[in-house]
Amino acid sequence: MRFSINFPKRPIFFFLCSLPLVSCGTQQLKSSDFTEAFAFTKGIEGPAVDGKGNLYAVNFKEEGTIGIVNAKGKGRIFLKLPNNSVGNGIRFDRAGNMFVADYVSHTVYKVPKGTNTPLVWVREPKMNQPNDLVVVADGTLYLSDPDWKNKNGKLWMVNPEKNVVLLEDNMGTTNGLEVDPSGKFLYVNESVQRTIWRYQIMENGRLFDKTRFMTFPDFGLDGMRCDEKGNLYITRHGKGTVLIVSPDKEIIKEVDLKGKKPSNITFGGKNGRTCYVTMADRGCFEQFRAPYKGAYFRKE
């Protein structure tokens, strides 16, 4: 995600102050550096872990690349996107194929497992700039699509047959999104409006029963991921924290980071309980130990 926001000083609905703090049964969560500062550019985004435990993110050393980072935090260029494309979100499907949202050319690339060759999966000129994405069990993709200039956005679906479907238009600045472990609910946040929405997912991938999950009084929202219990991990851009919230909206913990501009988060490590956070202001990964493993963490 790329954005710069001057937040207006006006009343906004706020649900957090009335939510109880619950214990997750762990020691204090602390963030530490996983890679050196500015190994990536300030456009670092889209963290994802493959079945072998390799960690990926966009813009390693230069824009338009995807970097791969080993277990010791050492990175290298994995691939360079074609046609001056610049990636944002990255996700793996259950077969181990990589999908990359390219915000420059309105494209989603597929990188088949075992290769480093990006192939055009879909290209949709009507998109503003595909941002984050999630891949569900049957191969369906959901894409956030913000228009930062006009402070609005869209939500798209791409089914396994590569049909591109506009699910909702005229939203706020759609950014982070995630599907819960049951596969029944999709979370989508709007960064400028500081709101998270939750939808139910129908069998055909369409959405219904849109409800407001949370709204915040300050700071931005960026990437989100779920752990195996369905708790939502929300990166608070500008605040420098990751907020962990239960499906019932109970605040479990807020993790302080070293930087102030976390752009996204993923799960990895030996047992899927290490959270890797991309830091836009530091060009690096920070890490902390999570209470539970990631919902979509898999080892080959």
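Strand β12, which spans residues 152-158, is mostly covered, with six of its seven residues buried (buried means under 20% relative accessible area, exposed over 50%, and partly exposed in between, with a 1.4 Å probe and protein chains only). Strands here are DSSP runs of E with at least two residues, numbered from the N terminus. The model is a predicted one, in which local features need pLDDT of at least 70 and side-chain atom pairs count only at pLDDT 80 or more, while totals for chains, interfaces and linings use all residues. Residues are numbered from 1 along each chain as its sequence is written, and side-chain values use heavy atoms, with hydrogens and water left out.

On one side, β12 pairs with strand β11 (residues 141-147) in the antiparallel sense over seven bridges, where two strands count as paired if DSSP finds at least two bridges between them. Within this pairing, M157 of β12 stands opposite Y142. The two strands form a hairpin with four residues between them, and K151 in that turn has a positive phi of about 55°.

β12 also pairs with strand β13 (residues 164-171), again in the antiparallel sense, over five bridges. The bridge partner of M157 in β13 is V165. Five residues lie between β12 and β13 in their hairpin, and K162 in the turn has a positive phi of about 70°.

**Charged pairs across the chain**

Side chains of opposite charge can pair when their charged atoms come close. The structure holds ten salt bridges, each defined as a side-chain nitrogen of Lys or Arg within 4 Å of a carboxyl oxygen of Asp or Glu.

Another salt bridge joins the side chains of E300 and K113 (3.1 Å, N to O). Because E300 lies in the segment after β24 (284-289) and K113 in the loop between β8 (107-111) and β9 (119-123), the pair ties together parts that are 187 residues apart in sequence. E300 counts as exposed at 57% relative accessibility, whereas K113 is partly exposed, with a relative accessible area of 46%.
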